[in-house]
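Dear colleague,

Please find below the structure that I am handing over to you, together with its sequence. My account of the findings follows.

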Amino acid sequence: MPPMAFTGAVTKVGCMNKTATVTVYRNVIHKITGKRIERTTKILTHDEDNALRLHDKVLIRNCPPISARKRFRLEKIITSPETVRELAHAKSGTQSQ
């Protein structure tokens, strides 16, 4: 399989150890109407450190099969709502003092 990398959002985490479900969004154009349609694909991703949280934006890359349905590995976390919130709290805490 050629190397593939996708960006997506974490939609399910914590149900399985070292596994997260990442939803990858892509736009396709309808053959007849020419309108854009959003298609989604759910991919099981290997997360070695259990670092992923819900709604994280991540970059995943394909790898040799890890289990029956896991074919992708976490490359990096692009953005995380929890870290953004923590940074905002830290910033507001320093401004109020």
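A polar contact is here a pair of N or O atoms within 3.5 Å; within protein, one of the two must be able to donate a hydrogen and the other to accept it. Please bear in mind throughout that the model is predicted.

The side chains of Ser 80 and Asp 56 are joined by such a contact, at 2.9 Å. Ser 80 is located in the loop between strand 5 and helix 1, the latter spanning residues 81-96. With a relative accessibility of 9%, Ser 80 counts as buried, because the limit for that class is under 20%.

I turn next to the strand pairing. Strand 2 (residues 19-29) and strand 3 (residues 36-46) run antiparallel and are joined by eleven bridges. Within this pairing, Arg 26 has Arg 39 of strand 3 as its bridge partner. Six residues lie between the strands of this hairpin, and Gly 34 adopts a positive phi near 80° there. Strand 3 also pairs with strand 5 (residues 72-79), in this case in the parallel sense and over two bridges. There, His 46 has Arg 73 in strand 5 as its bridge partner. As a general point, side chains in a regular strand alternate between the two faces of the sheet.

The salt bridges deserve a separate paragraph. How many does the structure hold? There are two salt bridges.

One of them links Lys 18 and Glu 48, with 3.1 Å between the closest N and O atoms. Lys 18 belongs to the loop between strand 1 (5-13) and strand 2, and Glu 48 to the loop between strand 3 and strand 4 (57-62), so this pair ties together parts that lie 30 residues apart in sequence. Lys 18 is partly exposed, at 31% relative accessibility, and Glu 48 is likewise partly exposed, at 44%.

A salt bridge is also formed by the side chains of Arg 61 and Glu 75, at 3.2 Å from N to O. Since Arg 61 is part of strand 4 and Glu 75 part of strand 5, the pair ties together parts that are 14 residues apart in sequence. Arg 61 has a relative accessible area of 33% and is therefore partly exposed. Glu 75 is also classed as partly exposed, its relative accessibility being 44%.

With kind regards

Notes: Residues are numbered from 1 along each chain as its sequence is written. This is a predicted model: local features need pLDDT of at least 70, side-chain atom pairs count only at pLDDT 80 or more; totals for chains, interfaces and linings use all residues. Side-chain values use heavy atoms; hydrogens and water are left out. Two strands pair if DSSP finds at least two bridges between them. Helices (H or I, at least four residues) and strands (E, at least two) are DSSP runs, numbered from the N terminus. A salt bridge is a side-chain nitrogen of Lys or Arg within 4 Å of a carboxyl oxygen of Asp or Glu. Buried means under 20% relative accessible area, exposed over 50%, partly exposed in between (1.4 Å probe, protein chains only).
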